Each structure stands twice: as structure tokens, then as C-alpha cells.
Amino acid sequence: MNLKKGDVVARISHNQDIIFVITEIRENIAILQGLYTRLIADSDLEDLVLVDASSLTRVNEIKSEYEKKIISSYKKKIGHVTGKILHLDSDAFFMSKCMNLYKSLGIYAYGVELSESLMPIQILGYIQRIRPNIIVITGHDSYNNRGIDDLRNYKNTINFIKTIVAIRSRYDLDDVCIFAGACGSNAESLIAAGANYASSFDRKNIEAYDPAIVAIMVAITPFNQIVDIDDIYNFSKMQKGSIGGVESYGKMRLLVR
């Protein structure tokens with residue numbers, strides 16, 4: 001089987017549990033990016049199988065229904081002036097899905113497609129232009145299982161940390177609420193750097209919508225109330241413990257006349 005860049009595949013050795021897109025092929029190794037999960041991986045070409053069109057259609061239909069469920073659930077909770085979101089994402093497809101979700105809920109959000117390595121350099125400029133009170137820093141990450149405490153064992157955790165540190169040099173924990181991370185990120189180090197919420201404490205995968213779900217809940221929680229972490233899990237497919245953080249206030253305010 002001649003696989004090429006752009007093919008949609010799954011790994012035989014992992015029981016085809018995650019659907020990937022091939023982003024690059026280096027000799028006999030394919031570099032993979034999750035189609036619906038924020039995961040980067042590599043694999044021998046021999047371990048990959050093409051995902052057939054019917055299977056892909058079924059997955060797309062399931063994800064579409066999930067998006068409708070999120071919108072229906074959150075619309076019941078929205079009222080008044082919500083928080084403003086700046087969403088930085090290295091994945092254009094994932095970002096477009098999240099931006100559509102924000103738009104469907106009437107939440108102001110500004111999306112920026114940016115590689116993880118450029119986020120620390122450009123973040124303050126975007127904050128000065130957009131003036132958000134919620135910031136999402138996400139894309140793709142992975143942990144290689146060679147030692148949790150060594151940040152060199154993570155694909156992009158260090159880039160996320162540098163971005164958080166840049167933000168916290170100007171804005172404190174209550175000024176701007178930060179979600180940071182992707183699949184397998186070192187959540188503890190992201191929180192220590194100054195994130196309000198982070199993934200992934202269990203080093204497991206998160207889906208495309210998960211960072212947006214956290215941002216939405218912050219945006220629709222009143223400014224004088226602590227965001228309920230259980231609400232974040234209730235309105236998503238996230239497993240309990242994958243995303244967490246520190247007690248943080250919401251950003252929604254009442255209109256007065």
C-alpha cells in the first residue's frame with residue numbers, strides 16, 4: 001500500500017482507536033496528526049491502514065451531532081454580556097470548528113492560526129489588539145512516556161509554558177483566564193506557569209472542542225462566581241481528571257440600564 005501525505009489513516013497496533021492525517025513521511029516513518037484529537041504521533045508505515053470513506057463519514061456524523069449537543073446545552077446557560085475569547089491554535093481545521101462553536105453561541109471570539117513555537121513571540125501583540133479576558137493556547141502536543149517530569153519529553157508543552165509566562169508578565173490570574181494545552185501536555189507545569197486551566201493531567205488525549213468548551217464555560221459564568229469544573233465535564237466528552245486547574249472566576253456580566 002502506497003501511503004502519502006494527506007491520507008487519513010489509523011494505527012493497527014492501537015486497534016485503530018484514533019483517526020489521523022499523515023502530515024509528513026520520513027523514509028518509512030509517517031508523522032501523524034489527529035483528525036479529531038489534539039495529538040501528534042509517528043508510526044511505521046506498515047502499522048497504518050487507510051480509513052475507508054464510509055467509516056470516515058460515520059465519524060464525521062458523530063462529531064457533527066456532538067457539536068449540536070454542545071450548542072444546545074450551552075445556549076440554555078447563556079445570558080447577558082459574555083467574556084471575550086482570544087483563541088490561538090496551530091491547527092486551522094480545529095480552530096475553524098471552535099470558532100463556529102463560539103459563533104453559534106453568540107460569544108465573541110477572535111481566532112489566530114499560529115504554530116506553537118511562534119505563540120510566545122506574538123501573544124502580547126494580539127492581546128493588545130483584541131483585549132480579551134479569556135485566552136486559549138492550544139494546538140497539538142504529545143508525551144513520549146520517557147519521564148513525566150522532563151519537559152523535553154513533550155512535543156509542545158515548553159512552547160505553551162513560554163506563552164503563559166509572556167501573558168503573566170503583564171496580566172495576573174484574575175485579569176485574564178488562560179486555558180493551555182493539548183493531548184498529553186504536562187498540565188502541572190502549565191498551571192505552575194500561570195494557566196487557570198490546563199490539559200492533560202492524565203496524559204490522555206483531548207478532542208478538538210475541549211479547549212473551547214473550557215473557554216465557553218468561563219465566558220458564561222458570572223464574574224463573581226467560581227467556574228464549576230463539573231459543568232465543564234457535564235457538557236463535554238472529557239474524562240474526569242483530564243482537564244483541571246485553579247479556582248477561577250467567570251467573565252460574564254449583567255447588563256444594567
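Modeller: Exposed means over 50% relative accessible area, buried under 20%, and partly exposed in between (1.4 Å probe, protein chains only). This is a predicted model, where local features need pLDDT of at least 70, side-chain atom pairs need 80 or more, and totals for chains, interfaces and linings use all residues. Residues are numbered from 1 along each chain as its sequence is written, and side-chain values use heavy atoms, without hydrogens or water.

Colleague: Is Asn15 buried or exposed?

Modeller: Asn15 sits in the loop between β1 (8–11) and β2 (20–26); strands are DSSP runs of E, at least two residues, and helices runs of H or I, at least four, numbered from the N terminus. Its phi is near 55°, positive in a residue other than glycine. The relative accessible area of Asn15 is 71%, so Asn15 is exposed.

Colleague: What is the relative accessible area of Gln16?

Modeller: Gln16 is also in the loop between β1 and β2. Its phi is positive too, about 55°, although Gln16 is not a glycine. Most residues other than glycine have a negative phi. Gln16 is partly exposed, because its relative accessible area is 47%.

Colleague: How many aromatic pairs are there?

Modeller: Rings of Phe, Tyr and Trp (its six-membered ring) pair if their centres lie within 6.5 Å; planes under 30 degrees apart are stacked, over 60 edge-to-face, the rest tilted. By that rule, the count of aromatic pairs is 3.

Colleague: How many residues apart are Tyr36 and Phe93?

Modeller: Tyr36 and Phe93 pair edge-to-face, 6.3 Å centre to centre with 70° between the planes. Tyr36 is in the loop between β3 (29–34) and β4 (40–44), while Phe93 is in helix α2 (residues 92–104). Tyr36 is buried at 13% relative accessible area, whereas Phe93 is partly exposed at 40%. The pair links distant parts of the chain, and the separation in residues is 57.

Colleague: What kind of pair do Tyr143 and Tyr154 form?

Modeller: Tyr143 and Tyr154 lie 4.9 Å apart, centre to centre, with 20° between the planes; the pair is stacked. Both are in the loop between β8 (134–138) and α4 (157–168), so the pair ties together parts 11 residues apart in sequence. The kind of pair is stacked.

Colleague: Which ring does the charged end of Arg253 sit over?

Modeller: A charge counts if NZ of Lys or CZ of Arg is within 6 Å of the ring centre and within 35 degrees of the ring normal. Lys84 lies over the face of Tyr108, 5.3 Å from the ring centre. Arg253 has its charged end 3.9 Å from the centre of its ring, that of Phe223.

Colleague: Which peptide bond is cis, with omega near 5°?

Modeller: Most peptide bonds are trans. Ser200 is in the loop between β10 (197–199) and α6 (210–220). The cis bond runs from Ser199 to Ser200.
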